[in-house]
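Dear colleague,

Please find below the structure that I am handing over to you.

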Amino acid sequence: MSIKSIALGATMFLTMMAGAAQAESISVFCGATDYDLCVKAADAWKAKTGNEAKINKMPALLDDAIPLYQQLLAAKSPDVDVLFLDVIWLGMFKNNLLDLKGKIPQADIDAHFKSTVGAGEINGELIAMPAYMDVGLMFYRKDLLEKYGKPEPKTWDELAATAKEIQDKERAAGNGDMWGYTWQAKSYEGLTCDAIELIASNGGGTIISDDGKVTIDNPEAAEAITRAKGWIGTITPEGVLNYDEEASRAVFEAGNSVFHRNWPYVWGTSQTAGGKIVGKVGMMPLPVGKEGQKSSGCLGPMYFGASKYTTHPELSAEFIAFITGPEMQKMRAVEGAYSPSISALYSDPDVLAKLPFLKDTAPAFADSAARPSGYTGTSYNRVSQAFYRAVHDMLSGEADVKADLTSLAAKLEKLKESR
Ligand code: GLC
């Protein structure tokens with residue numbers, strides 16, 4: 001054996017040993033709808049660092065992850081390192097999340113929209129980094145509005161009238177399955193979003209104000225809920241009372257809904273090659289209840305944070321910086337239509353080419369309505385549950401909406417203080 005080949009063998013051995021010593025593995029939770037994109041990010045991270053991020057798929061309904069997280073965190077389990085977090089959970093889990101300050105370069109933090117990254121900063125600690133922006137938007141059948149010579153509706157009543165007219169004409173023309181408007185009214189967090197949008201855009205506030213005042217018992221809120229109740233069975237199928245995002249999306253993407261409320265990802269799913277409505281979809285901010293009011297899409301950015309009980313704090317922070325960084329946010333935007341939280345990506349030509357809706361929906365981000373999770377903190381989940389259950393009852397029964405809002409307000413007065 002020559003000296004050269006011994007030296008080569010030794011170098012290979014040392015490289016292998018170094019690799020084996022360095023390669024580490026962390027366990028990460030990711031959303032069900034963007035699971036594939038997370039796996040892609042994990043693959044890219046492995047190629048770059050040699051480390052492995054095992055991706056666990058969260059339950060289809062985000063709400064169902066709350067008890068799972070509560071259990072893992074209460075048990076101080078080291079089995080999970082990185083958590084995917086809804087903006088409304090940050091207050092709820094803040095005491096169980098690692099402070100990422102000093103672990104993620106300041107320049108990476110500063111690249112995100114200030115208010116979005118700001119929601120991840122609680123009591124001086126950076127407990128989560130934004131993965132993408134989410135805001136409730138209106139999708140519509142551009143082809144059908146054009147066919148019937150209708151403009152984009154500006155108010156909810158205009159939307160309902162256009163929806164009814166097109167629905168009826170399409171049914172008369174042979175599409176018996178056509179509906180005017182699909183949205184989410186199952187008894188779950190998504191209904192809190194849909195209802196806040198209707199109420200806030202009607203001048204009725206966001207349930208509890210930023211300074212903790214219960215505002216829900218007001219005539220504008222009653223009017224907004226009553227208006228939506230009137231849609232069910234006329235322009236919206238009765239099934240809406242059991243629709244979440246995915247169930248309602250299926251109706252729209254089957255070509256059976258003129259208007260559809262959902263999150264930006266539906267641009268990606270509805271424009272995938274081979275789909276029934278490719279090239280037929282327009283997007284706009286949600287309508288307003290009354291002239292002079294603001295379109296009030298529910299604000300729902302998603303975050304990644306690390307468990308306080310991780311045995312890999314540095315590596316978890318490194319992974320979070322990577323998956324929330326520009327390269328991966330661009331990948332999510334281009335491949336899945338997830339709106340970036342990094343401002344520079346809004347002038348990236350590849351992103352703009354794939355997401356032409358960004359220019360039409362920019363005001364929706366500016367005028368979005370936040371749920372009252374800032375003030376309510378750990379009690380947010382109970383507050384939201386009381387709200388969506390009450391609204392579900394109002395939408396489904398013969399309820400007296402005004403009286404129900406009064407009793408809901410009394411209930412919320414108690415719940416909001418148990419934070
Ligand atoms: C989306 C939003 C999230 C919201 C959820 C409701 O995932 O990002 O903020 O809570 O929808 O279903």
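In this predicted model, the protein chain is assigned two domains: domain 1 is made up of 23–134 + 300–358, and domain 2 of 137–298 + 372–416. Taken over C-alpha atoms, the centres of domain 1 and domain 2 lie 28 Å apart.

As to how the domains meet, 18 residues of domain 1 are in contact with 18 residues of domain 2. The size of an interface is often expressed as the accessible area that is lost when the parts come together. Between domain 1 and domain 2, about 1500 Å² is buried, and carbon and sulfur atoms give 69% of that area. On the side of domain 1 that touches domain 2, the residues are 10 nonpolar, five polar and three charged.

Which polar links cross the interface of domain 1 and domain 2? Two residue pairs are in polar contact across it, both at pLDDT 80 or more, while zero salt bridges are found there.

Rolling a probe the size of a water molecule over the atoms shows where empty space remains.

With kind regards

Methods
Residues are numbered from 1 along each chain as its sequence is written. This is a predicted model: local features need pLDDT of at least 70, side-chain atom pairs count only at pLDDT 80 or more; totals for chains, interfaces and linings use all residues. Side-chain values use heavy atoms; hydrogens and water are left out. Domain bounds come from an automatic or database domain assignment. Contact means heavy atoms within 4.5 Å. Buried area is the accessible area (1.4 Å probe) that two parts lose on being put together, summed over both. A salt bridge is a side-chain nitrogen of Lys or Arg within 4 Å of a carboxyl oxygen of Asp or Glu. A polar contact is a pair of N or O atoms within 3.5 Å; within protein, one must be able to donate a hydrogen and the other to accept it, and residues adjacent in sequence count only if both atoms are side-chain atoms. Ala, Val, Leu, Ile, Met, Phe, Trp, Tyr, Cys and Pro count as nonpolar, Asp, Glu, Lys and Arg as charged, and the others, Gly among them, as polar.
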